[in-house]
Structures are given as structure tokens and as C-alpha cells.
Amino acid sequence: MDTMRDRFITTASELLDEDPRLALVLAEISRDGFVAAERRHPDRVINVGIREQLLVGVGGGLALTGLRPIVHTFASFLVERPFEQVKLDFGHQGVGGVLVSAGASYDWPAGGFTHMSPGDVALMDTLDGWTVEVPGHPDEAEALLRRAAAGDGRVYLRLSLQSNDRARPVTGPGFRTVREGRGAVVIAVGPMLDNVPAATEGLDTTVLYATTVRPFDPEALRRAVAGGTTADVVLVEPYLAGTSTAAANDALSDTPHRVLGLGVARRELRRYGQLEEHLAGHGLDPKSLRERISAFLRH
């Protein structure tokens, strides 16, 4: 199976052929995958070099001319390093575009902490008007990219090497019910989905699946809680733990409830190891998730 990043390169190249409104802005990362597209569209495939603030600034400038920019690099270089440009050149200017990241929270541990971005979604959550997409499979990444490219708004598409075994239909921005139960509600985000049913096997829980995390889907959460016997909610996110707990609390503001936010811890794992070791180190593997969810529900 190809990776989400592979699928992004293929799909974005096709979209550049199909839609003259689209432009692609790169900062060296993934440039080798776009050689053919750059040859076909030299005026709409722009590589700015290792200049991430310029990367985002050029994207915002292209948007001001009426183009629809797709801006791509690693998450730490797309959101964290040029955050001021994301805030001003897109948000403050009131223009749209598609930011597509790779690397996620710890996809390339050998690259060190400079190439890890567990806080990217939390940072984007401080800005107004952004849709945040977190696919769990390359097929979902393609569908979300095509939808974002065809629109006019501001979209952050977060790609990862982590992937579920199969894709779920991307029919809209709301949460999808994977399993219904009478107890707690567990929301699995993107590539966390496969681990959640394994972690909650035998537990009477509802499992919701989210690929669009902003805007948050309060109605789906309220319906799921109303159909159960408790108002316990567990969020399993592949980025900074607790990123969506405020959104869940707001959704249930008129209902007594408890929320547990599971995700990447704030502590830095300095023995970089492998991706799977980071997953376990942050307690996001099925065994650790089961222990943490069960302990929460017992109390």
C-alpha cells in the first residue's frame, strides 16, 4: 500500500493538470515527487528552497491573486516554524489555501525532535476559520485533498505514515459511528482508529471515528452520549493529548460528564527509536489504551 504522502504527490499532480486555479508551493521536501508536474506547470509549481516562512508567505500571496495554493512540507516546518505567516498571510488577509503536512508527531524519529510536531493541531486550533483534516488511510487522504482543493476555505491536511488497515468513506465533515454501545463514547481520530476497537474489545462502548477534527462535531457527540447510560468520553488523538478536550467539554456543557484526552504526551522522548516505540511510549498502542481507558471507566 502506498503512504499518504505518496498518494498526496500523485493526487496533487493530477489536480494541477485538471484545475488551472491550483498552484503548488514546496520547500524542497517532496520536490523529487513533483519533477514531472513542475515540468508541465513551471508557473504553478514553485520551490522556494529551505525557507519555510517564505513558503507560507508565497502561498498567501498566490491566494491574493485568485489562485488556490497547496502548500507542503513537514508539519514542524509548515505550522510551527512559520506560524506567524500562517496567522497573518492566510488568516489576517482572509484568503484560503490548503496546507498539507507530512511527518506528523513522530513519523521519522531518526530526524530528531526538529522533525516532530505533536503540537501542530493545538496551534492551528488557536486560529479562526481553519478546517483541520486528519485522515487515517491514503484513500481518505486523497478524498480529503480533492475536497479541499475544490473549495475556497482554509484547510490543514495532516498526513502520517501511520495508517489504518482499511479506509472509511469520507462522506462529510462529521464524525462516523463505527460501533454502538451503552457505555462510554470513545472518539478515535485518523490513524488511531484501528487501535481503539482492539483496545475496547468486550467493553460496552460507542466508537466514533473522526477525520475532520475542526470544526468539531458536537451534535454527533451529544447524540452518542444521549444514547448511552453514562456521559464518559475518551478522545484518542495522534497528536498532543488534550487537544480536543475543550471542544468536547463545550459540546456537553449542559450535561454532567467526564472527558479523558489521550494522545502524545508533552514530555519529549529523547531515545528516538522507531515509530512503533513512540506509539507505545506515549501509551497509544492497543494494550496501553485498554489499560488507560479501563482505569478511567472504573473510576
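Predicted model: local features only at pLDDT ≥ 70, side-chain atom pairs only at ≥ 80, totals over all residues.
Arg44 is found in the loop that runs between helix 2 (35–40) and strand 2 (45–47). In total, the structure holds 17 salt bridges, and a search of the whole structure finds 4 aromatic pairs.

**Arg44**

- Although Arg44 is buried, it has no salt bridge, and the nearest side chain of opposite charge, that of Asp43, is 4.5 Å away; a salt bridge would require the side-chain nitrogen to lie within 4 Å of a carboxyl oxygen.
- The side chain of Arg44 does reach backbone oxygens: that of Leu22 at 2.7 Å, and that of Asp19, which lies 3.2 Å from a polar atom of the arginine side chain.
- Leaving aside residues up to four places away in sequence, Arg44 touches Leu16, Asp19, Pro20, Leu22, Ala23 and Leu24, a list that includes both Asp19 and Leu22.

**His137**

- His137 has its place in the loop between strand 5 (130–133) and helix 7 (138–150), and it counts as buried because its relative accessibility is 6%, where the limit for that class is under 20%.
- A polar atom of the His137 side chain lies 3.0 Å from the backbone nitrogen of Asp139.
- When residues up to four places away in sequence are not counted, the contacts of His137 are with Met1 and Met4, and with Ser163, Asn164, Asp165, Arg166 and Ala167.

- Strand 4 (residues 97–102) is mostly covered, since 6 of its 6 residues are buried.
- In a regular strand, side chains alternate between the two faces of the sheet.
- Both faces of strand 4 are covered, with Gly97, Leu99 and Ser101 buried on one side and Val98, Val100 and Ala102 buried on the other.
- Strand 3 (residues 68–74) runs parallel to strand 4 and is joined to it by 5 bridges, and within this pairing Thr73 has Ser101 as its bridge partner.
- Strand 6 (residues 154–158) likewise runs parallel to strand 4, with 5 bridges between them, and here the bridge partner of Ser101 is Arg158.

- Side chains of opposite charge can pair when their charged atoms come close.
- Asp120 forms a salt bridge with Arg158, in which the closest N and O atoms are 2.8 Å apart; this pair links distant parts of the chain, with Asp120 in helix 6 (residues 120–124) and Arg158 in strand 6, 38 residues apart.
- Both Asp120 and Arg158 are buried, and Arg158 is also the residue of strand 6 that has Ser101 as its bridge partner.
- Arg146 and Glu14 meet through their side chains in a salt bridge of 2.6 Å, N to O, and this pair too links distant parts of the chain, Arg146 being in helix 7 and Glu14 in helix 1 (residues 4–18), 132 residues apart.
- Arg146 forms a salt bridge with Glu142 as well, the closest N and O atoms being 3.2 Å apart; these two residues both lie in helix 7, 4 residues apart, which is about one turn of the helix.
- Relative accessibility is 26% for Arg146, which therefore counts as partly exposed, while Glu14 is partly exposed at 33% and Glu142 is partly exposed at 22%.
- Arg146, Glu14 and Glu142 belong to a network of salt bridges that also links Asp2, Arg7, Glu18 and Asp139.

**Aromatic pairs**

- A pair of aromatic rings is described by the distance of the centres and the angle of the planes.
- Among the 4 aromatic pairs found in the whole structure, the one formed by Phe74 and Phe77 is tilted, at 6.1 Å centre to centre and with 40° between the planes, and both of these residues are buried.
- The rings of Phe175 and Phe216 have their centres 5.1 Å apart and their planes at 90°, so this pair is edge-to-face.
- Because Phe175 lies in the loop between strand 6 and strand 7 (176–179) and Phe216 in the loop between strand 10 (212–214) and helix 9 (218–226), the pair ties together parts that are 41 residues apart in sequence.
- Phe175 is buried, with a relative accessible area of 10%, and Phe216 counts as buried at 14% relative accessibility.

Methods:
Residues numbered from 1 in each chain as written. Heavy atoms only, no water. Buried < 20%, exposed > 50% of the residue type's maximum accessible area, 1.4 Å probe, protein only. Pairing = 2+ DSSP bridges. Polar contact = N/O pair within 3.5 Å; in protein donor to acceptor, adjacent residues only side chain to side chain. Contact = heavy atoms within 4.5 Å. Lys, Arg positive; Asp, Glu negative; His and termini not counted. Phe/Tyr/Trp six-rings, centres within 6.5 Å; stacked < 30°, edge-to-face > 60°.
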